[in-house]
Amino acid sequence: MSNNTSQQHEAAMQALRRLLFEQETTRIDRLEELLNNQELHAQEIAKILAEAVQIRSHSDNKLGQALTPAVEEALKNSIARNPQPLSDALFPVMGPAIRKAIQSSIASMLQSMNQTLEHSFSAQGLRWRWDAISTGKPFAEIVLLNTLNYRVEQIFLIHKETGLLLKHIALDPSHYEDADIVSSMLTAVQDFIHDSFSSSENQGIESLRMGDLQVLIEQGPDVVLALVCRGNPPLSLRETMQATIEDIQHEFHESLQNFDGDTQAFEVTELNLSPLLVADYQAKIKKSSPLKPLMLLGAMITAIIAWVVWDYKQQADIVAQWQSYVQQLSDEPGIVITQFQQHSGKYMITGLRDPLSHDPIRILEKTSLPQAQLKLDLQPYLSLEPPFILKRAAHILNPPQSILLSLQGEALLLSGNAPKDWVNKALEKAPLIAGISHVDTSNVSAEPSLLERILAVLKPDSSIQIKLDGDTLTLSGESSSAWEKQAQKNIHSIPQIKQYQNNITLIDSPDYVLKQAHKALRPPKSIRLRITSNMELIAQGIATETWIKQAKQKVKSITYISAYDDKSISLPDDIILQRAIEALQPAETVQLSLSNNTLLATGEAKQGWIDAANNQAIQLEGIDRFDNQVATWIDEAAILAAAIQRLQPPSSVRLSFSNGALFAAGFATGAWISQAQAQFGLVDGVHSFYTSKLKNTTEEWINIQKDINSISITFPNTIAKVSPSIQESIALLASLFEQAQTIESNSQLLTKVLYSNTASFITSLRLKAIQKELTTHGITKQKLKVISHKADTHDISQVIHFALEVGSNKP
Amino acid sequence: MIQKKICILGAAGVGKTSLTAQFVYSKFSEKYLSTMGVKIDKKVVKIDNTSVNLMIWDIHGEEKYKKITSSYVRGSAGIFTVIDGTRSETIQTAHGILERVHSDIGKIPNIFLLNKSDLSDAWDINEQALAALKKYGDPMYTTSAKTGEHVDLSFQQLTKMLINP
């Protein structure tokens with residue numbers, strides 16, 4: 001019953017709801033369908049897409065940037081599939097664009113040519129060209145520097161956190177190889193400035209300037225943009241830089257966030273950065289006034305006229321001077337001028353000239369006329385004027401001062417005194433001289449020739465050569481000193497000899513005789529020959545017997561040697577020493593040496609040999625003294641062996657023998673020590689027995705010491721740890737040590753430690769480890785010392801040996 | 001090409017600049033170290049088929065009154081901490097530097113270089129001191145800027161650690 005009532009109630013509520021909310025329910029259903037149905041979504045977006053794109057494009061350019069990759073991909077696919085539609089679509093755009101580009105290039109080229117012409121021929125251009133020559137810089141660079149407002153030469157895109165270079169663009173990339181280091185240094189400089197002046201986190205360097213070079217820096221959240229500019233960039237460049245940073249931050253946001261050093265993703269930033277690589281030049285230089293060239297032309301014409309007038313007058317003066325010079329030559333005896341003419345700036349003089357007349361060039365030098373303008377063509381001829389004939393005769397005949405020349409018609413008259421041979425020559429030569437037909441010598445008195453007089457006075461033999469040159473006499477060849485002295489005296493009796501040259505070699509002089517001796521004897525380098533004023537030849541030094549004998553024979557053939565002394569020649573040391581060795585027959589333990597004729601013997605030998613050598617040595621040739629330092633030889637090993645045989649020491653005792661004394665060291669019982677002291681005198685060669693290093697102890701202690709010596713502690717690896725086996729060895733060592741202590745309270749024990757390691761500090765650690773281990777066993781005083789160091793620190797294969805010496809704490 | 005920034009840190013006089021000079025040909029003068037406290041060099045290291053351009057920041061040695069500038073270390077992919085094998089006190093400096101790097105920029109690949117191995121007679125580093133460095137878990141090499149021992153190897157190893165973390 002109640003159930004039916006409830007159902008009726010619900011139906012009524014439903015009816016009521018329909019009446020009140022039917023419209024709202026329908027709208028909610030439609031909205032629900034709109035949200036859930038994807039197809040309807042697309043339809044709805046399609047309705048507003050165009051407007052949405054339009055609105056967003058007006059507000060900023062991010063939609064374009066977002067669509068760029070998709071559009072690029074779509075274009076790429078389209079061209080790959082079929083390039084024709086795109087080509088057709090672009091044709092109306094590309095045609096005019098290409099034409100425009102070509103026109104622009106031609107215009108740019110024409111402008112460049114205009115600039116070149118202007119820069120080349122204007123005053124300013126010439127000044128710049130002079131600057132280029134004087135500074136050694138290219139002309140283009142000078143022009144650029146003078147017309148440049150600013151130019152961006154390099155762009156650095158830097159990762160802000162790491163300072164690594166993301167992208168670098170330069171006008172000329174070949175000049176900037178280390179851009180990555182520059183990028184890091186720029187970051188370091190920023191950090192340095194930032195830390196030094198504690199500026200806020202967001203502040204940074206905005207620019208750096210050096211001369212006309214400026215680095216503009218703009219910061220982004222993840223990147224730093226640095227522009228290297230020349231000149232004065234405008235403020236608007238900073239705005240462009242900031243916009244570029246924003247674009248890069250947006251476009252490469254993900255790559256920047258995940259940057260791990262790989263810069264590949266930032267290669268394409270060149271598209272963003274290239275527009276910043278700009279330059280701005282000054283406007284064209286203002287044109288000069290058109291009057292200036294006219295004024296310049298007028299000035300030039302005036303200057304040319306003035307120069308022509310001045311030049312004409314100069315030329316006229318010069319021609320007059322040349323004519324005066326020609327007249328001077330014509331007046332000169334022995335010179336005949338036939339023609340004078342001017343041609344191509346040169347003055348040509350033609351004619352005849354006797355060689356004995358004055359030199360025309362010397363005459364020209366007295367004027368101010370330039371020699372370079374003169375072309376002289378004077379043919380030689382012989383003037384028959386009497387002064388020229390006489391001058392020519394004197395030049396050819398070279399008469400002595402006692403002869404006078406004169407002319408009578410065509411006859412040459414000679415008068416005065418002259419040697420016969422000169423007169424004969426004059427008779428031969430004179431008729432051959434132009435203007436002379438014969439010679440008259442009736443007034444000449446003949447005299448003997450000078451050479452005849454010299455030969456008559458000196459009476460030289462055939463080994464003397466005589467040379468007479470004018471008034472200079474030269475004698476050469478070989479002669480005795482007596483003849484040479486006489487000749488020198490006699491020459492003074494001939495007054496015509498003004499100079500005397502003596503080149504005679506004196507064959508009886510000591511120097512000459514010594515040279516002859518050297519030639520004949522050919523002494524070895526160890527021999528020195530000298531000659532006394534009495535012409536005694538002395539030989540000193542060291543030489544072989546053969547040479548000494550041959551020299552004695554050869555010296556007899558040398559003239560002027562009065563005596564020969566070879567007593568100071570000795571035999572070579574090595575021969576003397578060899579002879580001594582053969583004669584004395586020393587044992588291998590004896591060393592012989594020779595110095596200053598003293599034979600030295602050192603080493604050890606039997607007494608018999610020493611005595612025999614003392615007798616024989618001084619009798620040997622070449623030995624003046626025998627220094628015998630040989631000690632009497634004792635066979636210490638044999639004596640030690642005999643001592644061991646006799647005394648029978650236990651193994652803990654070490655015996656040694658030196659200089660007749662027997663030494664015992666180590667440990668022994670009192671009984672053995674007493675026995676040894678009683679018996680050592682029975683050993684031949686032993687005169688003393690020292691037991692100070694011998695410790696008197698018991699048999700039991702000696703055995704313990706043997707056991708300790710047999711323990712070797714070895715560290716086989718490089719770790720400074722004490723292994724269990726080493727611990728055992730050290731424990732055993734400690735135990736034996738304790739036993740030894742009970743017997744000998746002041747005992748000193750020694751054991752061996754072996755290492756196979758490399759570095760010294762590790763060794764040090766090991767020593768400490770052993771010390772520590774010993775301490776744990778109650779042995780508190782220890783020391784370790786190196787007894788054998790065979791290892792190189794870099795060679796781990798080697799082994800280092802140490803001795804461990806354990807002593808007692810007790811005093 | 002992959003680029004990585006690495007820093008060479010350590011006490012003054014441990015041989016950082018000499019180690020760098022042994023590894024690279026320096027373009028810039030060492031005066032930058034005394035003025036700015038840092039000198040930067042580069043070297044391309046090839047690991048298998050990968051070339052890595054190492055930008056090496058040689059930072060001034062840490063002294064009592066001159067701490068290493070953290071901003072220079074920021075952005076580093078890895079560091080070398082250099083210790084002078086003949087001066088045990090430089091280990092303490094290395095501890096200090098490394099703790100500061102960890103605190104400022106976090107844990108990054110590091111290699112300890114026990115430098116001056118050619119001076120074995122003057123060696124002053126013991127096992128205990130070295131054990132204390134092992135807590136960082138970083139590799140350790142003995143090096144000699146004088147003989148070149150392990151220098152190239154250390155740079156190769158750090159580069160490997162940077163590209164295969």
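How many residues of chain B are in contact with chain A, and how many of chain A with chain B? In this predicted model, 29 residues of chain B are in contact with 26 residues of chain A. Let's start at that meeting place and then move on to a pocket.

## Where the chains meet

The size of an interface is often given as the accessible area lost when the parts come together. Here, chain B and chain A bury about 2400 Å² between them, and 61% of that area is on carbon and sulfur atoms. Three residues, B:Gln3, B:Met36 and B:Lys42, supply 22% of the area that chain B buries against chain A, more than any other three residues.

Two salt bridges are found across the interface of chain B and chain A. Six residue pairs are in polar contact across the interface of chain B and chain A.

Which parts of chain B give two or more residues to the side that touches chain A? They are strands E1 (2-10), E2 (38-47) and E3 (50-59), together with helices H2 (31-35), H3 (70-73) and H5 (127-133). Sorted by class, this side of chain B has 13 nonpolar, nine polar and seven charged residues.

## Salt bridges in the whole structure

Over all chains, the structure holds 19 salt bridges. One of them lies within chain A, where A:Glu153 pairs with A:Arg230 and the closest N and O atoms are 2.8 Å apart. This pair links distant parts of the chain: A:Glu153 is in strand E1 (residues 148-159) and A:Arg230 is in strand E5 (residues 223-231), 77 residues apart.

| Residue pair | N to O distance |
|---|---|
| A:Glu153 and A:Arg230 | 2.8 Å |

## The largest pocket

Rolling a probe the size of a water molecule over the atoms shows where empty space is left. The largest pocket holds about 800 Å³ of space. Its lining has 25 residues, and the closest to the pocket's centre are A:Pro400, A:Pro419, A:Trp422, A:Leu450 and A:Gly470.

The elements of chain A that give two or more residues to this lining are helix H13 (386-397), strand E11 (411-419), helix H14 (420-429) and helix H15 (450-458). Which element gives the largest share? H14(A) does, with five residues. By class, the lining divides into eleven nonpolar, seven polar and seven charged residues.

Definitions and conventions
Residues are numbered from 1 along each chain as its sequence is written. Chains are lettered from A and ligands numbered from 1 in the order in which they are written. This is a predicted model: local features need pLDDT of at least 70, side-chain atom pairs count only at pLDDT 80 or more; totals for chains, interfaces and linings use all residues. Side-chain values use heavy atoms; hydrogens and water are left out. On a 1 Å grid over the protein atoms alone, a cavity is a set of points where a 1.4 Å probe fits but cannot get out, and a pocket is an open set with protein on both sides within 12 Å along at least five of seven lines; lining residues have an atom within 4 Å of a point. Grid points are joined across faces, edges and corners, and a volume is the space filled by probe spheres set on the points. Helices (H or I, at least four residues) and strands (E, at least two) are DSSP runs, numbered from the N terminus. Ala, Val, Leu, Ile, Met, Phe, Trp, Tyr, Cys and Pro count as nonpolar, Asp, Glu, Lys and Arg as charged, and the others, Gly among them, as polar. Contact means heavy atoms within 4.5 Å. Buried area is the accessible area (1.4 Å probe) that two parts lose on being put together, summed over both. A salt bridge is a side-chain nitrogen of Lys or Arg within 4 Å of a carboxyl oxygen of Asp or Glu. A polar contact is a pair of N or O atoms within 3.5 Å; within protein, one must be able to donate a hydrogen and the other to accept it, and residues adjacent in sequence count only if both atoms are side-chain atoms.
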